[in-house]
Amino acid sequence: MNRAAFDFLTRHIINSNIMTMKNTIKKSPVALAILCFLIEEPMHPYRMQQLIKERGKDEVINVRHRTSIYQTIDRLHRDKAIAIQGKKKNEGRPDFIVYEITELGRNAAYSWIREMISTPAQEFLEFPAAVSFLALLTPEDASLLFKQRVSALENTLARLEDQFQQGASMGLPRLVLLEAEYQRAVLAAEVEWIHSVIADIQAKKLTWSMEELREIAEHLDNRLDGKQTSYTKGRNIDE
């Protein structure tokens, strides 16, 4: 086999493996964290939980339920992204099961990191969903709720700032603080936007009522019905 044929065959095998990997291993932030920890070294699930807490990964990864980690580990093991290396003694309790990364899991982790960083995902968050139905509330009620949200966000920002300053005082490189830096920037932008909405509501620049919205909806429906009628008549004439 000549060099060109060998290179083509190698690329084909790699691409096929990547496509198979994407189709079989379910991507999630929790799964990514598990795979990345195992790239560092083999470990048991309890150690993974400790690292998530110690490194502040619970600020960016939803691990409120312990079972979510174990369920994800079971799935990754079933999908052959990780393998059981052995067991570790746990005095007075069942032995820890120690897992290690497989080549398939390693490839998945690097593929996911590149994809998650380069490609914006459609994330269906609760806040914008609720904002899309803000018309059901009065402007006064909305303003009050926005103020409550700002208060909660500012508390989170203060906590993130403390963590950021602690990390900086310890001499940690910026790389390991990037996720906190990103969160801080996103939350600060949200707080600024909400403040502007509150200000516009209070200044009566942004106001609404269900009666006005119904009138607007009826007007739009009438316009759409008129366009549809005109379109239908035009088709009938042409035919």
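Which helix is Gln183 found in? Gln183 sits in helix α8.

## About the model

This is a predicted model, where local features need pLDDT of at least 70, side-chain atom pairs count only at pLDDT 80 or more, and totals for chains, interfaces and linings use all residues. Residues are numbered from 1 along each chain as its sequence is written, and side-chain values use heavy atoms, with hydrogens and water left out.

Helices here are DSSP runs (H or I, at least four residues), as are strands (E, at least two), numbered from the N terminus. Helix α8 covers residues 178–202, and its 25 residues should span 36 Å at 1.5 Å a residue, which agrees with its end C-alpha atoms being 36 Å apart. The expected span is 1.5 Å times one less than the number of residues.

Is Gln183 buried or exposed? With a relative accessible area of 16%, Gln183 is buried; that word means under 20% relative accessible area, while exposed means over 50% and partly exposed is in between (1.4 Å probe, protein chains only). Other buried residues of α8 include Ala180, Leu187 and Ile194. The cover over the buried residues of α8 includes α6 (126–131) and α7 (139–169). Leaving aside residues up to four places away in sequence, Gln183 touches Glu59, Val60 and Leu160, where contact means heavy atoms within 4.5 Å. After α8 comes Lys204, whose phi is positive, near 65°.

## Where α2 meets α3

Two packed helices are described by the angle between their axes and the distance between the axes. Helix α2 (residues 29–40) packs against helix α3 (residues 45–54) at an angle of about 105°, with axes 11 Å apart. Axes are lines fitted to C-alpha atoms, for helices over the stretch in contact, and angles run from 0 to 180 degrees between N-to-C directions. The two helices, α2 and α3, are therefore roughly perpendicular (65 to 115 degrees).

On the α2 side, Ile34, Phe37 and Leu38 meet Met48, Leu51 and Ile52 of α3.

## Two nonpolar cores

A nonpolar core is a set of buried Ala, Val, Leu, Ile, Met, Phe, Trp, Tyr and Cys residues joined through side-chain atoms within 4.5 Å. The largest one has 25 residues, and Ile34, Leu35, Leu38, Leu76 and Ile82 have the most contacts inside it. Its largest share, eight residues, comes from α2. A second, separate core of 15 residues includes Phe146, Leu157, Ile198 and Ile201.

How values were computed:
Parallel < 35°, antiparallel > 145°, perpendicular 65-115°, else oblique.
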